[in-house]
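User: I am new to this structure and would like a close look at a single part of it. Please take me through that part with care, and then through what else can be said of the model.

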Amino acid sequence: MTRAYYSASISNFLRASTEGIMGALSLRNDYALIQTQRDAWAAQIKILRTALTGREGSVYFEYSIPRMGAELTLYC
């Protein structure tokens, strides 16, 4: 089970198209997808591409953290 709406290594994230990332986020989103959410994801992708260039690691968007009795979702 994938807990993130989108996850990738930084190198794959930097090579992926914005449309592909947005598509993955949209397909896994269980809530109403409003324009402000799409705009926020697009802005975060742009910012992260600049900030993560030359770095190693992974990127996770909308990661759910399992908790006792409920799940907590981190919105990035």
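Analyst: E62 is buried, with a relative accessible area of 2%, where buried means under 20% relative accessible area, exposed over 50%, and partly exposed in between, computed with a 1.4 Å probe on protein chains only. This is a predicted model, in which local features need pLDDT of at least 70 and side-chain atom pairs count only at pLDDT 80 or more, while totals for chains, interfaces and linings use all residues. Residues are numbered from 1 along each chain as its sequence is written, and side-chain values use heavy atoms, with hydrogens and water left out.

E62 has its place in strand β2, residues 58-67, and its phi is near 55°, a positive value in a residue other than glycine. Strands (E, at least two residues) and helices (H or I, at least four) are DSSP runs, numbered from the N terminus. S58 also has its place in strand β2, but S58 counts as partly exposed, at 45% relative accessibility. Leaving aside neighbours within four places in sequence, S58 is in contact with A8, S9 and I10, contact meaning heavy atoms within 4.5 Å. The C-alpha atoms of S58 and N12 are separated by 8.9 Å, although these residues are 46 apart along the chain.

Turning to the helices, α2 and α3 pack at an angle of about 135°, with their axes 11 Å apart; axes are lines fitted to C-alpha atoms, for helices over the stretch in contact, and angles run from 0 to 180 degrees between N-to-C directions. That angle makes α2 oblique to α3, because angles under 35 degrees count as roughly parallel, over 145 as roughly antiparallel, 65 to 115 as roughly perpendicular and the rest as oblique. The contact is made by T18, I21, M22, L25 and S26 of α2, together with R38, W41, A42, I45 and R49 of α3.

N29 lies in the loop between α2 (18-28) and α3 (35-52), and N29 is buried, with a relative accessible area of 15%. Not counting residues up to four places away in sequence, N29 touches Y5 and W41, and W41 is also one of the α3 residues in the contact with α2. The side chain of N29 reaches the backbone oxygen of Y31 at 2.9 Å.

Methods. A polar contact is a pair of N or O atoms within 3.5 Å; within protein, one must be able to donate a hydrogen and the other to accept it, and residues adjacent in sequence count only if both atoms are side-chain atoms.
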